[in-house]
Amino acid sequence: VFGLTSLLWILNEPIRTSTGLGLKGDEFDAIAALLAPLLLFLAGTLRPASLKRMPWDVLVLLGGSYALAQVVLGSELSNWLGQLVQPASQLHPFLLMLVVTVVTVFLSAFSANAAAANLMMILVTGMVDAGRTNAGRALPYLYGVAMSSSCDFMLPCGTPPNAIVFGTRYVKMRTMAAAGALLDLAAAVVVAAWIWFGARHFMRG
């Protein structure tokens, strides 16, 4: 069942193109994900009593973070935020990189990492449109967004692994937040430094 589900996710686009289902990519992924427990129920591997052990609060938290991100991206809020951060394009490139990674990491603590990356890339693009940062110089910042969006360790909704760990009930929210905040800050600095020294040739000029 796991192999079948993974195969459906991997072959998402070819299946949708060849069958003409008229589904979006995320809709097809959701159907494939729901098919897995259905097959397990039909096979008798899962029973209705298993639903009582599901961490429903964590699942609702994750789902809510995706919904919140879609509202932000689908409204004028993302455009307004892009205009708000445009003055940051006047900062020194390394400071700007640090701002981008720190904001991305902590934003991904309160929303899904993919959603945080999408929003931050829109904001970075807004700074590009401000005029000072051209497309070539913007590329390292997009790298920084992509890397730092997966570096939250503070809250369960940051990444699915965080949710899995919190769902075991062995780690309290306070413990995860206290230790994760320091890790988040360290990760943001490390990502900014790595991009600065590893992709600095993109920032010239």
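Q: What counts as roughly antiparallel, and how are axes and angles defined?
A: Angles under 35 degrees count as roughly parallel, over 145 as roughly antiparallel, 65 to 115 as roughly perpendicular and the rest as oblique. Axes are lines fitted to C-alpha atoms, for helices over the stretch in contact, and angles run from 0 to 180 degrees between N-to-C directions. Helices are DSSP runs (H or I, at least four residues), as are strands (E, at least two), numbered from the N terminus.

Q: What is the source of the model, and how are residues numbered?
A: This is a predicted model, in which local features need pLDDT of at least 70 and side-chain atom pairs count only at pLDDT 80 or more, while totals for chains, interfaces and linings use all residues. Residues are numbered from 1 along each chain as its sequence is written, and side-chain values use heavy atoms, with hydrogens and water left out.

Q: Why are α1 and α3 called roughly antiparallel?
A: The axes of α1 (residues 2-10) and α3 (residues 25-43) cross at roughly 170° and come within 9 Å. The two helices are therefore roughly antiparallel to each other.

Q: Which residues of α1 meet α3?
A: Contact means heavy atoms within 4.5 Å. Leu4, Thr5, Leu8 and Trp9 in α1 meet residues of α3, including Phe28, Asp29 and Leu39.

Q: Why are α2 and α3 called roughly perpendicular?
A: The axes of α2 (residues 12-19) and α3 cross at roughly 105° and come within 10 Å. These helices are therefore roughly perpendicular to each other. In α2, Asn12, Ile15 and Arg16 meet Gly25, Phe28 and Asp29 in α3.

Q: Why does arginine 169 count as partly exposed?
A: Buried means under 20% relative accessible area, exposed over 50%, and partly exposed in between (1.4 Å probe, protein chains only). Arginine 169 has 46% relative accessibility and therefore counts as partly exposed. Arginine 169 lies in the loop between α9 (160-167) and α10.

Q: Which residues of α10 are buried?
A: Among them are Met176, Gly180, Asp184 and Trp196.

Q: Where does α10 bend?
A: The bend at a residue is the angle between axes fitted to the seven residues ending there and the seven starting there. For α10, this bend is about 30° at glycine 180.

Q: How many helices and strands are in the chain?
A: The chain has 10 helices and zero strands.
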